[in-house]
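Here are my notes on this one, in the order I'd go through them with the model open beside you.

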Amino acid sequence: MAQAPTQRRPQSDKKKYAPKVIAENRRARFDYFLDAPVEAGIALVGTEIKALRAGRANIAESYAAIEGREIVLVNADIPPYAQANRFNHEPRRPRKLLLHRRQIDRMIGAVQKEGQTLIPLKLYLNESGKAKVELALAKGKKLHDKRETSAKRDWQRDKARLLRDKG
């Protein structure tokens, strides 16, 4: 008696998200010299991820701080999720960042020894729908450095405009 060939079940089609930037700290590139960006996960509660998927967050005034041997995201604003009513989260609570131990140790060393700061550059959902934050070690710019950056940006804009008009 011949057996019927076993059929393979199709792989479960999980929802795939294109990397979607939720919040970006555009001021960071102007205010700091940035070094070594790193992708970190964020420990969130259910209503926070729902609010992020709705596209609502602000990381303009946030920074990452060291607490013991962990790194936490401080002052990042994820507004309450409208449908969660009384089960909502606190909007500006500190959120633990998920990094490898070697990355954490390197960042702690840079912050404590070299006086650098950990600045979040952008908050986004990756391809598999997980919330990630791009962190960078930063050193503050002086006023003359900011003027120089502004002058370079203005010159690039003017140069592009001239080439476009004459080209």
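1. Read from the N terminus, the elements run β-α-β-α-β-β-β-α-β-β-α. That comes to four helices and seven strands, taken from DSSP runs (H or I of at least four residues for helices, E of at least two for strands) and numbered from the N terminus.

2. Some housekeeping: this is a predicted model, with local features needing pLDDT of at least 70 and side-chain atom pairs counted only at pLDDT 80 or more, while totals for chains, interfaces and linings use all residues. Residues are numbered from 1 along each chain as its sequence is written, and side-chain values use heavy atoms, leaving out hydrogens and water.

3. Of the 167 residues in the chain, 34% are buried (under 20% relative accessible area with a 1.4 Å probe, counting protein chains only; over 50% is exposed and anything in between partly exposed). The chain exposes about 11800 Å², and carbon and sulfur atoms supply 50% of that (Shrake-Rupley, 1.4 Å probe).

4. For contacts (heavy atoms within 4.5 Å) with a separation of 6 or more, residues 24 or more positions apart account for 70%.

5. Helix α3 (residues 101-114) is worth a look. Its 14 residues should span 20 Å at 1.5 Å a residue, and the end C-alpha atoms are 19 Å apart, so the two agree (the expected span is 1.5 Å times one less than the number of residues). Just after α3, Gly115 has a positive phi of about 70 degrees.

6. Which residues of α3 are buried? They are Ile104, Met107, Ile108, Gly109 and Ala110, and their cover includes β2 (32-42), β3 (63-67), β4 (70-74), β6 (117-125) and β7 (131-140). Beyond its neighbours within four places in sequence, Met107 contacts Val38, Ile71, Leu99, Leu118, Leu135 and Leu137.

7. Last, charges over rings (NZ of Lys or CZ of Arg within 6 Å of the ring centre and within 35 degrees of the ring normal). The charged end of Lys141 sits over the Phe33 ring, 5.3 Å from its centre, and that of Lys122 over the Tyr124 ring at 6.0 Å.
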